Protein chains: 2
Amino acid sequence: MKKSPTAVDDTSPAKEAGSRRKLTRAEEVRAKLADDIVDGKLSPGMPLDETEIAASYGVSRTPLREAIRDLAAMGLVETRPHRSAIVTRPSPEHLRQMFQVMAELEALCASLAAAHMSLSERRKLETIHEGLAQILKENDPSHYHVLNEKFHAAIYAGSQNAYLVEITLATRRRLSPFRRAQFLTAGRLAKSYKEHDLILVAILQGNRELAAETMRRHILTVEDSYEEYAGLKVT
Amino acid sequence: MKKSPTAVDDTSPAKEAGSRRKLTRAEEVRAKLADDIVDGKLSPGMPLDETEIAASYGVSRTPLREAIRDLAAMGLVETRPHRSAIVTRPSPEHLRQMFQVMAELEALCASLAAAHMSLSERRKLETIHEGLAQILKENDPSHYHVLNEKFHAAIYAGSQNAYLVEITLATRRRLSPFRRAQFLTAGRLAKSYKEHDLILVAILQGNRELAAETMRRHILTVEDSYEEYAGLKVT
DNA sequence: GATGATTTGTACGTATGTATA
DNA sequence: ATATACATACGTACAAATCAT
């Protein structure tokens, strides 16, 4: 596991759990580029020169082009014929819309999880939450981020709906470049943990409405936090 | 407009409204393959031989491979390294999950539309609905289908959320191969129209909850209708 | 289980379209 | 506006992996 800490897994369209089959060059390059975009090493708006990048990864342009096409389908880059692909730079309005949908998707996950999560899944979620409490004490944003992803992923899985998990993760990945800074704003760590606590309780109680509502609020708070950091907020 | 009646538009990842720029070969082939899958000319499980299909379309394997990769990202085909891509054949369980998510996405669209639809959008929706009434009299399933798509698309647009529109349309496209037969079941046309009527009224009244609930029911009824037709239903 | 046939994955050269002087 | 430079789109050849016998 030498992936970057901020990497969102499941870069593949159709993914099997632990299958460690040999990757094609196109898949390798796609994974690397996706990570670089998700954790901000490639900034929104930046053009991706095929020849240049292919050379830098030591592959020909063919697999690189396939990788870029996948990234375009994921929404991470935008392509137009005969022009370089560029890292997606959504307008503030489009970003707002994506956060709104993200909030609803996660709320739906939470609601379904409250209804259908298995006992072992509930225990696992609690364990992750306790881990977050530990990290909170040490005030370590980067470690918090990793476990935070797991907390949310555990709730997605609890929905017992693979398709919902798929589109929720895909949306999360698209938003990742714009959520990175969230834990840098003052006191966000502690607030996030408290929100998680409310969500966890609601899910464990099997209260679907409450789970949905607390999760929705949690996500929209993340958006606020980003806007605050990025200086987009009017407030 | 010589596209097949059942074709779901917006095959492109990033689409501009009326931009009629010259398509690349990869885009042309992708559009054709997507249509063929969506309206069932290519059956789930069928392998797509690259050499064969490339020859049949008169293009080389390079653009064809790019097209297949896009289809894989859309979920219309499944690919595994060094194996032929096959038209996606979801399990009954996975199909159920997709319909569940579809119902929630459309319900969200309807809810947001009830809150935010513009006056001209409302009028357009009414016009479409009246067109459906006309077609209903003539009992013409194929024409009903075309306008039915427009009815739903109009509601998506009314949500004022481009990202929601994007993923809802994408989900609809993925489900299309499994919804084709819905209007063949007895009386489905008339029932569908009545459901639309309830949805329309709720939206025009600005009743978000009711709009969501009537839409959710409508979609799940479509699923039932498919299952009935496909013989999957236990009832 | 090994070997040949078949199909996919990759490299590279040329054609074509875009941007800029 | 025309031409030139440059990046992408596509075709073809070969390598590598799968499958069929």
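How many salt bridges does the rule find across the interface of chain A and chain B? The rule finds eight, a salt bridge being a side-chain nitrogen of Lys or Arg within 4 Å of a carboxyl oxygen of Asp or Glu. One of them joins the side chains of A:Glu166 and B:Arg174, at 2.8 Å, N to O.

This is a predicted model, in which local features need pLDDT of at least 70 and side-chain atom pairs count only at pLDDT 80 or more, while totals for chains, interfaces and linings use all residues. Residues are numbered from 1 along each chain as its sequence is written, chains are lettered from A in the order in which they are written, and side-chain values use heavy atoms, without hydrogens and water.

The totals for the interface are as follows.

| Quantity | Value |
|---|---|
| Contact residues, chain A (heavy atoms within 4.5 Å) | 31 residues |
| Contact residues, chain B | 31 residues |
| Buried area, chain A and chain B (accessible area lost, 1.4 Å probe, summed over both) | about 2800 Å² |

Carbon and sulfur atoms account for 56% of the buried area. On the chain A side, A:Glu66, A:Arg69 and A:Tyr163 lose the most area to chain B, together 25% of what that side buries.

Note on methods: Buried area = accessible area lost by both parts, 1.4 Å probe.
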